[in-house]
Amino acid sequence: MLLNSKGKHRRPSKATRIATLAGVTGAAVAVPLMGATNASAASVETWDAVAQCESGGNWSINTGNGYYGGLQFSQSSWAAAGGTQYAARADLASKDQQIATAEKLLDMQGPGAWACAGAGGLTNDGVDPGVNPGGSGQSESKPEQAQPQRQAEQPTTRSEQREAPKAESKKTVTTPTGEKVEKGDGEYKVKAGDTLSKIADKEGVKGGWSKLFKLNDDIVEDADLIFPGQQLHLK
């Protein structure tokens, strides 16, 4: 992870530890003397290797530990190397923009600015990575990533709206006057001309119409009023 512009960092690199032991104050001053050249540059493959060590190769990572992006810039290092011209933080910038900023920081502080410089083989090899920092950062592409999710939700919502009336209609029956009454879920469906007495006689309900009325008092309020479409329990 990166040294910030004041030379502080989470995991001191080997170069920084040597500088400290030698009695040099301010690692950010000592590091360039140990590694920087006038042609500070590294290939994309090298930066990929450093990012793999620093962040697992996740160029948009923000774990809330004060270091951002694939190369784990501190906010002060990101600003000092001009990264804020691309995005407020490194994790909001594209990979090319992070590498372009890292090139400037490499020129300023040398490989020792990264604790993973050794693991990634980072040196001032003068190889131009050929990145294009002019492209849009990752923060600008996030709305496009979220769009498929919103599109997927819309059919579900419309479907639920269409189904809601159907679910309601299954529970009620409309009377000739337009009133809605409970439909019920019994085994006998009331037909035009039916009465509780006729149904009890026809279906052999023990206890007659009064028993039938008691069995269905949750949907039949008046023994003289039943409606076609209602479904009555017979036992």
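Which residues form a negative surface patch? The patch is made up of Glu179, Glu182, Asp185, Asp217, Asp218, Glu221, Asp222 and Asp224, where a patch takes residues with over 30% relative accessible area and no salt bridge, and like charges are joined within 9 Å. The model is a predicted one, in which local features need pLDDT of at least 70 and side-chain atom pairs count only at pLDDT 80 or more, while totals for chains, interfaces and linings use all residues. Residues are numbered from 1 along each chain as its sequence is written, and side-chain values use heavy atoms, with hydrogens and water left out.

Side chains of opposite charge can pair when their charged atoms come close. The structure holds three salt bridges, a salt bridge being a side-chain nitrogen of Lys or Arg within 4 Å of a carboxyl oxygen of Asp or Glu.

| Salt bridge | N to O distance |
|---|---|
| Lys95 and Asp48 | 2.9 Å |
| Asp91 and Arg89 | 2.9 Å |
| Lys202 and Asp194 | 4.0 Å |

In the salt bridge between Lys95 and Asp48, Lys95 lies in helix α5 (residues 95-109) and Asp48 in helix α3 (residues 44-55), so the pair ties together parts that are 47 residues apart in sequence. Lys95 is partly exposed, with a relative accessible area of 27%, and Asp48 is partly exposed as well, at 29%. In the pair of Asp91 and Arg89, Asp91 is buried with a relative accessible area of 3%, whereas Arg89 is partly exposed at 24%. Asp194, the partner of Lys202, counts as buried at 15% relative accessibility.

Another loop residue is Leu122, placed between α6 (117-120) and α7 (138-169). Leu122 is buried, its relative accessible area being 5%, and, leaving aside residues up to four places away in sequence, Leu122 touches Ala42, Thr46, Trp47, Val50, Leu106, Pro111, Trp114 and Ala117, contact meaning heavy atoms within 4.5 Å. The C-alpha atoms of Leu122 and Gly112, which are 10 residues apart along the chain, are separated by 9.0 Å.

Definitions and conventions. Patch = residues over 30% accessible without salt bridge, like charges linked within 9 Å, V, L, I, M, F, W, Y side chains within 5 Å. Areas by Shrake-Rupley, 256 points an atom, 1.4 Å probe, with all protein chains shown as cover. Lys, Arg positive; Asp, Glu negative; His and termini not counted. Charge placed at Lys NZ, Arg CZ, Asp CG, Glu CD. Helix = DSSP H or I, 4+ residues; strand = E, 2+ residues; numbered from the N terminus. Buried < 20%, exposed > 50% of the residue type's maximum accessible area, 1.4 Å probe, protein only.
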